[in-house]
Amino acid sequence: MHKKKPEIRLVLLGILAFFAVFLAAPLGVLLITSLKSANGIDFANYITVLQDKSVVKAIGNSVNISAVAALITTVLAFILAYTVNFTQTANSLKSLIRLGIVVPMLLPSITYGFAIIYSFGKQGLLTKLYGVELFQIYGFQGLLVGYVIYTLPFAFFLLNNSFSYIDKKYLIVSELMGDGFWRSFTNTTVRPLIGTIGGAFVVSFILSFTDFGIPASVGGNYNMIATELYQVMLGAIPDFPNGSVIAMLMLLPAFAGVCFLNYLERFNFAYDTISTTGLPDNKLRDLIFGGASVLLVIAVLAVFLVMFIAPFVKNYPYDMQFSTEFVQNALFNRAMVSVYENSIFVAVAAAVAGTIIAYCAALVNVRSAITKRERIIIDMTAMIANTVPGMVLGLAFLMFFNDSELKGTFLILIISNIVHFFTTPYLMAKNCLSKLNPAWETTGELMGDTWIKTVLRVIVPNSLATIVDMFGYFFINSMVTISAIIFLVTARTALVTSKIKELQHFASFNEIFVLSILIFVTNLVVRLGCDFANKQLSSGTNR
Amino acid sequence: MAVKPVLELKNIRKQFAGKVVLDGIDLEIQKGELVSMLGTSGSGKTTLLNIILGLTSIDSGSIFFEGVDISRTSMKERGFNIVFQDYALFPNLNAYKNIIYGLQNRQNWSGKEEIDELIDFLELREHLDKKIHQLSGGQKQRVALARTLVTKPKILLLDEPLSALDGVIKETIKERIKAITKRYNLTTIIVTHDPEEALTMSDKVMILDQGVVSQYGTPEQVINQPRNGFIEEFILRQLRIKRDNIYGLFQECHA
Amino acid sequence: MKKTKHALLALVALLTLVLGLTGCGSSKPASAPAGKSAPSATSAKKVVIYTNADKEATDAMQKSLNEAGFADKYVMQTLGTSELGGKLMAEGDKIEANLVTMSSYFLDSAQAKHKMFVDLNFDTKALGKYPAYYAPILANTGAIFVNTQVLKDKNLPMPKSVKDLTRDEYKGLVSIPNIMNSSTAWLLIQSIISQYGEVEGKVVLNKLIQNCGPHIEKSGSGPIKKVRAGEVAVGFGLRHQAVADKAAGKPINFVDPTEGNYSLTEGVSVVKKADAATTQLAMEMAKVIIGKARASLIKDYPVALYQGETVTDLNKPGNPKLFAKPLTVELLAEHQKFFKAAQ
């Protein structure tokens, strides 16, 4: 604290400038556009939009489905997390659950809808297996299935993480005190998790409420706020005033949700120690939860099964002879390959630059002597970036950078992804860096290092595993997102997800599935690559 | 006439968020002396250590090194060095690379023979290729000491050097620290909360209580002429109980 | 000294990475992914083609362009007719595209409003008379088609007219395109308005929309896909698609409705741009599309447009009709209103 280091100030200023230009300013313009009418600043645009029956209906639909989906997701995620943590289900099954649930995260949400159509539609794979149509896929039910699949992994990982912080000793104590299953369950499991359970619900709600891919694919004529926003902006002549109002209306529930999440945090239990004692035996419990969870994961995977079958047969579902014609056509098609290259380029660039920015922000925040106010500004920025739905951010970018050189470039897509996915990697870095020995910088300085040199020689090498994970997070999410880029892509900068949206126009499911498989395989390789790299890193230090 | 002190603190004052942590601290240390700063948590001893190191600035007062005012001199330019309580070794580097870490910034700090001698003196030769987490507590401390000594510090600061060590090896480490200061004629300041540690290994002891100096003198002076009730009550009584317990233990064994 | 220099370099490297991205508007637009050569100032950039055409047509156009050696010199972006129409009307020559293929009435209206197209500089030898700023690439004809398998399974009669599709037995089994997004849908609306007038037509359309339920498609080729997949039994769309399906042995058949087969023409235009080299390249591509792609386009869209072209009898619509008024964007807007009112 002796002397503020100029290089830290520079990094701090750089980060603040970045978010001022690429978060605060676009959102400001969005807000002002929504409030600007012929008579100056007022709520005239809001009144116009809210008088439009179809918009109000769309908002109602979105709230409705998102809430139902969030409720179902929370219950299902709880069952999965409970099975993994609190039952003596075979470890191989637990691994199956943990791995299987990741699969949807490696795919764009727009693919889910098409997988649902080809699974549950009149000629769908699962419909064929069951012999009857299970439900009406277009509209409410199809959307519901899509949202549940989409949000389940997020809710599961949230709950799974909290479960691991529950001291299992209390289960033994409860058992010894003679509690029955329900009393033990509510006191030792539900009560300590109540904050996270609420959190899982809110996160699922926000994700569903702001998603564009699923309603774009399986919404039918069921209007949702995301598709409404898309139509207002691209349906015919872009309507900036009304578009900005709908974007603000989309932002509000998301913002309220994030505030509520912060409020819920106080309900989280903190145990002093986490002991890893064994669990009381209960065969019935294991059977019920284990069985339900395995079925659930298999059901989720089954929905995607069709994606890997349809493009490999001659004419699904009529002619099921194996054929690689579609795959070859897609893979040897210059246009397709170049779109795939674009996606990889954007994802890699967003991952590299995003990781650097998030890491620097965390570094400045937890490992340097900046003022408390500056610390709060960085944290607030991260929270706001987390709050803004991808479509809203994309629209704000479209408005703010409409007349700039950035319009229609890859750079704007990359930046949009960095800002949109900033928060999680930032928190990962913060968490990791705050655990490193606080005396390293001082030691390095006494050994003659500059600050930057200590960072590169000591801090970075000791947080490599986290950096790898941050990179993976940015990459995978940039590959699958459509909402953050749909307003910003152009023909020259088309990405795989926007191409899928375009192919939907022709209902070219085979190409859609081939592209989805490409994304899936790419993400799988990156994910496994990250895991492998981290394994190498940790075996290098024998930990 | 006394020899000119190598380090001199004059009327040091420091407050954090309105709370006075140190007030009116005066201190003189002679070249080659081993001085302990003894105090409970909250006494201000760690803050004083950071002030001497140059990590924390002072509100008023001054610090002189060899007669030069270094109150506003940066940590780096002071040329002191510290071994932290938890050593702050870099886990991505092995023991040897930790030891020579500073040399990559300034080759002229220590020569090859000096480093070899240091390694042998601290008996680290066989541990050089080990990763940090493979070292025992005592080995880690020796690596940290070696890493610091390579930079030829003008004053060596040790933050609770024994607290992270197993009881059995504490005494040998004490001897080693004493041996180092003698061998390199190194002015050394130790921060500790343990009266026994402070009084058995140092030339002089400074006892801090709630931000002011309670007493500063040789261990004999502290034992024989405690300046106030605090020292009598909290320090000497502890030591007497300890002494009686140990005496009792040995008499029983002899009986 | 050397060490400080190193440290400084590292610092600069890190900061440029961070700050490079904040260089915002003034910085150069991001270059294309590595491996794709960045265009120099004088040479032509990649031509952007915006099209509302269906897959068969885009495939044919791409094939002809690729064979003419343009494989890496263009990007093709497909948009819905209403989306592309909106862009043309709103953006004029600021549109990203250098080359546009689009329904002729939109080209006419966009040219009238913005004067945004350059005259084609080659002779097309078209059969009909067209303005200088576009040449027709294909014409579309509307018809009803059915999935014979589903009809049999559900025991449904073969429809003869659009009005037949409003009968209760087809409820939930009909698919039509949406005129808000698709020009194919206009063929349907034209036939309803011509045959029944606006008053009775509204009743027919309302019943039809109800029978469709969730199967009102944004894309003109949506209904045929749903009929092929067996999602619905009957659909309205482009006649030639059903003809081709039937010929390929799929359980599909087509019906020329008693209300008539209406047609729309799609044309290709070159957008007026300051970048002369790219515009010139776009012009060459337009020429290739007319000269080379027509041979396969006429197979999928069997309407003769140029001298020397012929089509089989099977592909001649049984009941061809022309809408009484000239087709314009304004008329489309009127008919869109009519559709909305019938919902």
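Guide: Start with strands β1 (residues 7–16) and β4 (residues 60–65) of chain B, which pair in the antiparallel sense over five bridges. This is a predicted model: local features need pLDDT of at least 70, side-chain atom pairs need 80 or more, and totals for chains, interfaces and linings use all residues. Residues are numbered from 1 along each chain as written, with chains lettered from A and ligands numbered from 1 in the order written.

Visitor: What makes β1 and β4 of chain B a pair?

Guide: Pairing takes at least two DSSP bridges between two strands. β1(B) and β4(B) have five bridges, so they count as paired. In one of the bridges, B:Leu7 is partnered by B:Phe65 of β4(B).

Visitor: Why are β2 and β5 of chain B called edge strands?

Guide: The open sheet runs β2-β1-β4-β5 in chain B, with antiparallel pairing. β2 (19–29) and β5 (68–69) each pair on one side only.

Visitor: Why is α3(C) called roughly parallel to α4(C)?

Guide: Helix α3 (residues 81–91) and helix α4 (residues 104–114) of chain C have axes that come within 9 Å and cross at roughly 15°. Roughly parallel means under 35 degrees, so α3(C) is roughly parallel to α4(C). Axes are lines fitted to C-alpha atoms over the stretch in contact, and angles run from 0 to 180 degrees between N-to-C directions.

Visitor: Which residues of α3(C) meet α4(C)?

Guide: C:Gly85, C:Leu88 and C:Met89. They meet C:Phe106, C:Ser109, C:Ala110 and C:Lys113. Contact means C-beta atoms, placed from the backbone, within 7 Å.

How values were computed
Helices (H or I, at least four residues) and strands (E, at least two) are DSSP runs, numbered from the N terminus. Angles under 35 degrees count as roughly parallel, over 145 as roughly antiparallel, 65 to 115 as roughly perpendicular and the rest as oblique. Two residues are in contact if their C-beta atoms, placed from the backbone, lie within 7 Å.
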